[in-house]
Amino acid sequence: MAVKLLVPGATIGILGGGQLGRMTALAAARLGFRCHIFATEPDSPAGQVCDQVSVAHYLDEEALDRFAASVDVATFEFENIPAEGVLRVAASTTVLPRPEILEISQDRLREKDFLRTIDIPTTAYREIADATALTRAMRDFGFPAVLKSVRMGYDGKGQVTLTPETKPADAWRQMGGEIGILEAYVDFACEISVIVARGRSGAWATYPPVENQHSHHILDTTIAPARIAPEIAMRAEAIARHIAEKLDLVGVLAVEMFVTPKGDVLVNELAPRPHNSGHFSFDACVTSQFEQQLRAVCGLPLGDVTLLRPAAMVNLLGDLWQAGEPDWVAALSYPEVKLHLYGKRDPRPGRKMGHLTALAETAERARERALAARAATCPTPSE
Ligand code: AMP
């Protein structure tokens, strides 16, 4: 389908109503675009900031058709939208990134197979069909190893770390998926990610690699730029660019990677959308990942990705509400700290409610500032 250039005034459809959609919609509003959110629940984080919202199931064909007819281009902000729903929208309007990329990223096995075909290194992995196959693979892989469900896994959901004591049948049950993937455990020196943007003309831009620290498999802290050797940073950016080109990406893509103690860079996961590890760009870069996504899908020139000042982002998970409502005045009293809240009412453990981004003269200082601001804001320390 030929894609026309979209300028401010056009309507961008966003499948998914979460915080990524919210921040994309806020960036869109600043540029004079309109957004139409398709969400499964009323009062979604993204729906709250848009005047056009469809609330329906992702497989509701009538609702999807109405949505598609009302927008100039559609994108998605959530990986686990059923591919059938996205393809339905793509039958009558342009969806970017192209839905096939979403399908690859929805399936950990397909994703790793794809990476292998384009010569991108990953940890050793194997498809696991049942507990018996798992027993065999555990013998071959050794310990520790990580069993993951092939589909619907994010933020550590459907993931089990295997040790010599683990009973295969228990691990299989706990993983909860129909098909699993067993991965050799990577004893990494650090985790990094690169957000790469690619426009319709093939122009590309990579944000500087950032360092990600997880807690219970959920992103906790992002440090920008990553404290890694320039040679590793260059390799990480080249990997992200290669993947974006091979996928024929239009939009932004997050590439999560492990850096090993020897300096090898292994790709862990792809997310073809703005990403939690790119939130720092909202306050710290000339162009945020959210604006970049809009520029790419609209056919506009990509924006400058320069990091204006070292930054660190810390997530505010629902766990931090245990002692009551956080002290927002404390958060807002911190110099060079920006508060972002997603408008979610129910602070469940593990749920991403918002984040803080701190800026400073060095990445390490920014990290300290972000952690201090979070500790002051939330009476229960998170570490
Ligand atoms: P994922 O859902 O694959 O992004 O995994 C979430 C987090 O779990 C990663 O960011 C790592 O901290 C950890 N993890 C996942 N896979 C592995 C692995 N093969 N080796 C070591 N740590 C892993």
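Predicted model: local features only at pLDDT ≥ 70, side-chain atom pairs only at ≥ 80, totals over all residues.
**The parallel sheet**

Strands of a sheet pair through backbone hydrogen bonds, either parallel or antiparallel. Strand E1 (residues 11–15) runs parallel to E2, and five bridges join the two strands. The bridge partner of Ile14 in E2 is Ile37.

**The antiparallel sheet and its helices**

A further open sheet of four strands has the order E5-E8-E6-E7, and here the pairing is antiparallel. Its edge strands, each pairing on one side only, are strand E5 (125–128) and strand E7 (159–162). In this sheet, neighbouring strands are turned by 20 degrees against each other on average, direction ignored. E5 and strand E8 (residues 180–184) run antiparallel and are joined by four bridges. Arg126 has Leu182 as its bridge partner in E8.

Which helices lie across E5, E6, E7 and E8? Helix H6 (residues 131–141) lies across these strands and runs at about 165 degrees to E5. Helix H7 (residues 168–175) also lies across E5, E6, E7 and E8, running at about 40 degrees to E6.

**Two helix pairs**

Two packed helices are described by the angle between their axes and the distance between the axes. The table gives these values for two pairs.

| Helices | Angle between axes | Distance between axes |
|---|---|---|
| H1 (residues 19–30) and H10 (residues 289–298) | about 70 degrees | 8 Å |
| H2 (residues 61–70) and H3 (residues 83–90) | roughly 40 degrees | within 9 Å |

Angles of 65 to 115 degrees count as roughly perpendicular, and H1 and H10 are therefore roughly perpendicular to each other. Their crossing is right-handed. On the H1 side, the contact is made by Leu20, Met23, Thr24, Ala27, Ala28 and Arg30, and on the H10 side by Phe290, Glu291 and Leu294. By class, the residues of the contact of H1 with H10 are six nonpolar, one polar and two charged.

H2 and H3 cross at roughly 40 degrees, and they are therefore oblique to each other. The crossing of H2 and H3 is right-handed. In this contact, Glu61, Leu64, Asp65, Phe67 and Ala68 of H2 meet Gly85, Arg88 and Val89 of H3. The contact of H2 with H3 consists of four nonpolar, one polar and three charged residues.

**An aromatic pair**

How many aromatic pairs does the structure hold? There are five aromatic pairs. One of them is formed by Phe38 and Phe67, with 5.4 Å from centre to centre and 75 degrees between the planes, and this pair is edge-to-face. Phe38 lies in strand E2 (residues 34–39) and Phe67 in helix H2, so the pair ties together parts that are 29 residues apart in sequence.

How values were computed. Residues numbered from 1 in each chain as written. Heavy atoms only, no water. Pairing = 2+ DSSP bridges. Axes fitted to C-alpha atoms, helices over the stretch in contact; angles between N-to-C directions. Contact = heavy atoms within 4.5 Å. Parallel < 35°, antiparallel > 145°, perpendicular 65-115°, else oblique. Left-handed = near helix turned anticlockwise from the far one by under 90°. Nonpolar A, V, L, I, M, F, W, Y, C, P; charged D, E, K, R; others polar. Phe/Tyr/Trp six-rings, centres within 6.5 Å; stacked < 30°, edge-to-face > 60°.
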